[in-house]
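Trainee: I am new to this structure and would like to learn how to read it with care. Could we look at it together, one feature at a time?

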Amino acid sequence: MEITSQDFKAVSSAKLKDEKLQKALFQAKDGFVVSRAKVVKELDNFEAIRQAASDVRDHCLAHLDEYLEAWESRAQAAGTIVHWAESYEELNAIVVKIAQDNRVKKIIKSKSMVGEETGLNEYVEGHGIEVKETDLGEYIIQQAGEHPSHIIAPATHKSKEDVSELFAKKHDRPRLEDAEKLTHEAREILRPHFLDADMGITGANFMIAETGSTVIVTNEGNGRMTTTMPRVHVAISSIEKCIPTLDDFALMMRLLPRSATGQVISNYVSMTTGPKRNEDLDGPGEFHVIILDVGRTRVLGSELREALRCIRCGACMNHCPVYQNVGGHAYGWVYPGPIGSVLTPAYNGLENAIDLPNAATLCNQCGVVCPVKIPLPDLMRKLREKQYEKNLKSKTEKWSLKVWAYVATRPKIYSMVTRVMARAGKIVGGNSGRIRKMIFAGQDWTKHRDLPTPRGRTFRDIYLNSKKINKG
Amino acid sequence: MRVGLFVTCLADVMRPSIGLSTLDLLERAGCEVIFPENQTCCGQPAYNAGDRATAQKLARKVVSEFADVDYVVIPSGSCGGMIKAHFEDLFSDLPEYKNKAQWLSARTYELTDFLVNVVNADSFNTSFQGTVTYHDSCAGLRELGIKDQPRKLLRTLPHVELKEMSGAEQCCGFGGTFSVKYGDISSRIVDLKCDDLESTEADAVVLGDLGCMLNIEGKLRRRGNHKTKVLHIAEVLTGRNGEEAE
Amino acid sequence: MSARENILARIRSANKTGKVSDVIGGSAADRLTSSPISPIPDLTGNVTDRFKQRCEDAASTLDEVHQMEDVPKAVSRYLTEKELPMSLVCWPEFKNLSWSESNIQFESRGAIGDDKVGLTGSYCAVAETGTLVLLSGQDHHATTSLLPETHIAVVRRDRILKTMEEAWQLMRSEVGLLPRQVAFISGPSRTADIEMTLVYGAHGPFRVHVILVDQ
């Protein structure tokens, strides 16, 4: 997907003024945050489960080559055709080749974020093959010609009115206002495609090394359809999706649905091991899995490694005060919110997403809900350090830091400078006790709020003076 | 016990009453308070900006200035968090300082945590009365586990009623330089915080972090709210109004 | 060098130079054979009761009968109550039950687009989450629980397990190699993609009815 993260500031400012989006974000926040809290409370050992998941992910990453090899040999033993891809183009080309080899005219698709990364739909459609997104949220944005704004609920930024208008136009049917009716209309429209598509493409929430399986976790039933009805099924995955065993998967399933949508379990968990077998009555004749590595191994060898634990639940963005107010599109790539602020520069280059790791208060509302305990603020800070090293910071910022460093390491100068600031600040504030307009960096503060003034003297001066007085 | 007072650069310049109140509280609890004169900054602004070298310089300074005390008490969740939770990481490539950082970390306390869990302070000399609501600063809450301590202290005050705001744990949008670099996002976040605290109709919002205080007070006044007081918990416990300069 | 070789080589090299953390330890081979179980929540209490409660929480409905022969009556009860058509497609294992006595038209085959009601059995069920476990394979059409608007599933009481871990354990011992598809189903299909409004009947069934059989 094309990266537009460099427009973060402009886009986020515009999104703050978008009332429709603001309403949608408020609703989403309420839904996701509240329902997650409720369902997490039910687990009396939630923290132990969370720690175990974090440890299992770390262990798997530490032996990732062995687990991937085990996965591959078991998958192949079940008849799965395994492909590896080192670039987005390579993955897209593999998909098209599979489609062309199988005379595929129509593809139905169940969500794949990796597919978003590679720009799969566009590439495939460019080769004259029809692609129909079937996840309701993905279907909506496909019809609208947009990108997802959230990794779990791709159309979260769209209002019901948006969808009513969109469906009336695209389906050429009378306009519906009810969410239920709209959903059922989409069901009706998409159903024939499930029945006559030649190929199904899904993502893969996990690859299970013990059995050579891939698994998808869905609520709508489109995932099951996509993995069962067409004659070819392709699952798009990436190296870090691998986990060791079925029991490790059960562990992840205690966390993923709760963290993502506040459900105890997602409606459908569909584990696929190979294509149709002799005794099967249905299922695709061919099952392919494509394993991608773009940027993952680089992150594996870096200090951002913990980011690869991610199980794509979306809890971090749901709880992030920045995401909650600007939405996902401002982040400019596939993954928004805190995980996006780490993965976007990590996979696309620091210089292409300079704002993202900086547009955070480091509050850690994300880290405390991350089911695999990714230390997101620490990773953002590490990216800031990298930016500093590579001279990607603004001159003003570097200069201000240098001045501050100079002064703060020289107590005598510091005491003088602060004395002046305390005095001057109070004078500027006058009787009101607040400063309403400032220059330089101060402008960006006083544009939005007052600055309570200093009180005229520093604590140091007051304290040392009183000590002097007491000493007599 | 010898207790080092780390007043924080922000309180030193912008609101000395926080330092004065902390001093009073510690002395009232029977501590011998040491104020290393040459203290300046804990290094957090540099650390969070990615300037590790400057942060290390400032951190080394703190470590050596506070080497001769039994405890270090800080009236700030974020500076407290910096020292307690981050100095060790900051010195990960300076082995000779790592031990000192661990030593300091073990002795460093945010003010309310010290009052409740070390000196068991349960009575205070304060004239403050009214309804209050408490804002949980992110660093204090998530790095240091400051949640119950300030509330416990507030409940000891006979003329103070505590009303919880919805979203007390929600970030106020300060985030240091975030507040100026991404001013409009920060402004929206603090507006929402002000909505929440105003809904309680409390006389004062009480906090443990001056960064949050400046942000919230600045926004309240800009919104036209000149009524709700914005106070540091140390000020509430000693009956100061925040404007004192002696 | 193929993409595969390159990727595996990069992984090995990254794990040599990177800040590897592995608190659990042990080799991959060990974990794959021993498959240790991680902390599980406290799930005391009657397993069947928990399953029934969780089914309800998952928006499934549930009925109980004594023996398999009673299933057609239970199905008839349900279809009548819900004002649904009295005809279904079913898995072959149910074809010899007395359907005509209950006035139900049945066909023992997989479902196609027009079928309204599908009846399946289940391999087992998981009480922790109110989940049905269906395995693909001989006589187990996947379409039956997928295409119709109503899915009715028969669960044997002695096949209700506490957790997903227990389900895997049972499969390892009884089935060995996993079948093509293991489907976990927890209630009717749903979505909340439009303004967070929960709607049932997204692409899969609108309703799921579980019939619990004692023997």
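Trainee: Before I read any detail, what ipTM and pTM does the predictor give the complex?

Mentor: Keep in mind that this is a predicted model, and that where pLDDT is low, the predicted coordinates should not be read in detail. The complex is given an ipTM of 0.96 and a pTM of 0.96 by the predictor. For chain C the average pLDDT is 95, and 100% of the residues score at least 70.

Trainee: How many helices and strands does chain B have?

Mentor: Chain B has 13 helices and eight strands. Its radius of gyration is 17 Å, close to the 18 Å that the globule rule gives for 246 residues, so chain B is as compact as a globular protein of that length. Its C-alpha trace spans about 50 × 45 × 30 Å along the principal axes, and 60% of its 246 residues count as buried. If you take the contacts in chain B between residues at least 6 apart in sequence, 77% of them join residues at least 24 apart.

Trainee: Which strands pair with strand 1 of chain B?

Mentor: In a regular strand the side chains alternate between the two faces of the sheet. Here, strand 1 (residues 2-5) of chain B pairs in the parallel sense with strand 2 (residues 32-34) of chain B over three bridges, and B:Val3 has B:Val33 in strand 2 as its bridge partner. Strand 1 of chain B is also joined by three bridges to strand 3 (residues 71-74) of chain B, again running parallel, with B:Val73 in strand 3 as the bridge partner of B:Leu5.

Trainee: Where do strands of chain A and chain C pair, and is the sense parallel or antiparallel?

Mentor: Strand 9 (residues 268-272) of chain A pairs with strand 9 (residues 181-185) of chain C over five bridges, in the antiparallel sense. Within this pairing, C:Phe184 in strand 9 of chain C stands opposite A:Val269.

Trainee: How many residues does the contact between chain A and chain C take from each chain?

Mentor: The size of an interface is often given as the accessible area lost when the parts come together, but here we can count residues. The contact takes 87 residues from chain A and 66 residues from chain C. On the side of chain A that touches chain C, helix 10 (residues 179-196) of chain A gives the most, with nine residues, and by class this side has 37 nonpolar, 27 polar and 23 charged residues.

Trainee: And what does the contact between chain B and chain A take from each?

Mentor: That contact takes 56 residues from chain B and 52 residues from chain A. Helix 11 of chain B supplies eight residues, the largest share of the side of chain B that touches chain A, and the residues of this side divide into 23 nonpolar, 15 polar and 18 charged.

Trainee: Finally, where are A:Leu362 and C:Glu83 found, and is each one buried or exposed?

Mentor: Most residues other than glycine have a negative phi. A:Leu362, although not a glycine, has a positive phi of about 60°, and lies in the loop between helix 16 (337-348) and helix 17 (376-389) of chain A. A:Leu362 counts as buried because it has 26 C-beta neighbours inside 10 Å. C:Glu83 has a positive phi near 55°, and is found in the loop between helix 4 (71-81) and strand 2 (87-90) of chain C. C:Glu83 is exposed, with 6 other C-beta atoms within 10 Å.

Conventions: Residues numbered from 1 in each chain as written. Chains lettered and ligands numbered in written order. Predicted model: local features only at pLDDT ≥ 70, side-chain atom pairs only at ≥ 80, totals over all residues. Helix = DSSP H or I, 4+ residues; strand = E, 2+ residues; numbered from the N terminus. Buried ≥ 20, exposed ≤ 12 C-beta atoms within 10 Å, placed from the backbone. Rg over C-alpha atoms; globule rule 2.2 N^0.38 Å. Contact = placed C-beta atoms within 7 Å. Nonpolar A, V, L, I, M, F, W, Y, C, P; charged D, E, K, R; others polar. Pairing = 2+ DSSP bridges. pLDDT = per-residue confidence, 0-100.
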